[in-house]
Amino acid sequence: MKNKLLTFLIVLLAIAGFNLLAKRFFFRIDLTEEKRYTISKATQNLLENLDDEVYVKVYLTGKSIPGGFKRLENAVQETLEEFQIHAGSKIKYRFVDLYDEVKDEKKRNKIFIELAQKGIPPTNVLDKENGHQVQTLIAPGALITYKDKEVAVLLLKGNKLASPQEILNQSYEGVEYQLASAIKQLTLQEKEKNRILYKLQPPACG
């Protein structure tokens, strides 16, 4: 009886694992066929030649995010997953839900101010909840850290004269560019810093 139960559990786990892998595998094939997240050769080269970890902290997430922004959040996550394929463990990321992690409103507002000062101005969005309009403050951006340097990435980008939906669509299409440009900026700064330090070092005595 025990052997039969054990066999059943093993088969069940195997099926569950296969389904999970299959879902992931076919999902990635779909992305490739649609060319939605097939990142450019330039981005691939950038990621494959990283010499240290890049840490990405994304603030666009949580239950408070309206439906339209969820698509942008998904685009960011899927792009970062693609980045990891080429950079491996040198790309690390985390999504931060300020409303879940920072319950105190004053502390949360302080973080919004700090993010704005860094280059991620908060956006006040309207959404409907139980038939009523609800205003939510969100930070549609990410902070990227490389070695001792940090740069802010504003993920909500687009023509200011466009409609909100058009801005979201433009932002959605520009995720790879925004993230890759920030990483490139940080790595170039580090190379420049090393070049200057090398010039300042006195020649070794023979």
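Entry 1, the hairpin. I find that β5 and β6 form a hairpin with two residues between them. In the turn, K147 has a positive phi of about 55 degrees. I take strands (E, at least two residues) and helices (H or I, at least four) as DSSP runs, numbered from the N terminus.

The model is predicted: local features need pLDDT of at least 70, side-chain atom pairs count only at pLDDT 80 or more, and totals for chains, interfaces and linings use all residues. Residues are numbered from 1 along each chain as its sequence is written, and side-chain values use heavy atoms, with hydrogens and water left out.

G141 stands opposite L154 in β6. Strand β1 (residues 54–58) also pairs with β5, antiparallel over five bridges, and there V58 has A142 as its bridge partner.

Strand β5 (residues 141–146) is largely enclosed by the rest of the structure, because five of its six residues are buried. Buried means under 20% relative accessible area, exposed over 50%, partly exposed in between (1.4 Å probe, protein chains only).

I located T187 in helix α7 (residues 175–200). T187 counts as buried because its relative accessibility is 9%. Not counting residues up to four places away in sequence, T187 touches L46, L50 and Y146; contact means heavy atoms within 4.5 Å.

Conventions. Two strands pair if DSSP finds at least two bridges between them.
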